[in-house]
Amino acid sequence: MKSEQLVEELKRRLGIERFNYSYNRKDNKLRLDHKNLGKGMDINLPEIIAKYNERKEQALEDVVYTIEQTFIAMEKEQAEEIHQLSNIFPIIRSTSFPLKSKEGHPFITSDHTAETRIFYALDLGTTYRLIDESMLSKLNATGEQIREIARFSVKKLSTNVKKDEVAGNIFYFVNENDGYDASRILNETFLKEMREKIKGDMTISVPHQDVLIIGDIRNETGYDVLAQMTMHFFSIGRVPITSLSFVYDNGELTPIFILAKNRIKKETKDQ
C-alpha cells in the first residue's frame, strides 16, 4: 500500500463530515483536524504502512480505532467530563517517548529504569489521556498527588496470568488489553507474589503496552527463548516500549545485558 492509497482509505473509513485532511508529501504525514473541536493530530504514514504490510486489515482497524478514541477523549475533555481522580493510572513508556504534549506542555512523569519511564493517564473508558502540567489546575491536584493516586490505582488492576512452558522454562503473561498491562510492573505486591512461586531467575518484560511477561528462567535456553519472544512482541505492539528484559531480585530491576556482562567478568576473574 502506498501513502496516497492509505490517505484515501482513512478518508473512507473515518469520513469527511467530521475531519479535514491535509497530506504533506514531503514529510509523508497526514494532518487530521476535527472540524468542531478545532484540534487535530499528525499521522506518520510510513509507520502505519509498515504495520499494514505485516498485519493487513487488523493494522487498519487498529489505527482507525485509535484515531476515533483519541478524538472522543478530546470531546470529553472539552465537555469537562474527565476530572475524576480515581481514574488516574500509571503508564509505562520508552525513555524516547516525548516529554511534552503537542501543545508544548510537559507531561507528569517519574523515573523508572534506563529503558522505561512512567507517565500518568486519566482513564476515559475506552481510551485515556496522558496528564500534562496544563491539566493540574482542572484536576485540582499537584504532580505528587497524581503520582500517589496512580501508585494506589495500579494495585486495583487484575493480575490474572496465562502460563506457558518452553524448554523447561515457565512464562507467565498478563494480557487484559485494558491499556495497562505493562503498568503491572509497578505493582510491587504482585511481583513479590510471583517471586515466591518462581524457582529459577525471575525476569520481567514489557515489550509493548498491552503485555507483561514474567519468566521463570531455569536454564540458558530460557534466556534465548525470552530474547526472541520479547523482540517479537516489541515488533508487533501498537505502542512498543522495550525489547530488553529485566531480572527481578530483591525488589530491583536489572537489565539482562548488564547481568550477562557481570557474569562474564566473574567467570573471567575465576579462571
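**Legends to the close-up views**

**View 1. The chain as a whole.** Of the 271 residues in the chain, 45% are buried, where buried means under 20% relative accessible area, exposed over 50%, and partly exposed in between, with a 1.4 Å probe and protein chains only. The model is a predicted one, in which local features need pLDDT of at least 70 and side-chain atom pairs count only at pLDDT 80 or more, while totals for chains, interfaces and linings use all residues. Residues are numbered from 1 along each chain as its sequence is written, and side-chain values use heavy atoms, with hydrogens and water left out. The chain has 8 helices and 13 strands, taken as DSSP runs (helices H or I, at least four residues; strands E, at least two) numbered from the N terminus. Its C-alpha trace spans about 70 × 45 × 35 Å along the principal axes.

**View 2. Pro90 and the residues around it.** Pro90 is placed in strand E4, which covers residues 88–94, and it counts as buried because its relative accessibility is 3%. Leaving aside residues up to four places away in sequence, Pro90 touches Ile118, Phe119, Tyr120, Ala150, Val154, Tyr180, Ser183 and Leu186, a contact being heavy atoms within 4.5 Å. From C-alpha to C-alpha, Pro90 and Arg129 are 11 Å apart in space, and 39 residues apart in sequence.

**View 3. The second largest pocket.** This pocket has a volume of about 380 Å³, the volume being the space filled by probe spheres set on grid points that are joined across faces, edges and corners. Among the 23 residues that line the second largest pocket, the closest to its centre are His112, Ile118, Ile185, Leu186 and Glu188. Two or more lining residues each come from strand E6 (116–123), helix H5 (143–153), helix H6 (188–197), strand E12 (246–249) and strand E13 (252–255). A pocket is an open set of points on a 1 Å grid over the protein atoms alone, where a 1.4 Å probe fits, with protein on both sides within 12 Å along at least five of seven lines, and lining residues have an atom within 4 Å of a point.

**View 4. Two asparagines with positive phi.** Asn28, in the loop between strand E1 (19–24) and strand E2 (29–34), has a phi near 55 degrees, a positive value in a residue other than glycine. Asn177 is found in the loop between strand E9 (169–174) and H6, and although Asn177 is not a glycine, its phi is positive at about 55 degrees. With a relative accessible area of 56%, Asn177 is exposed.
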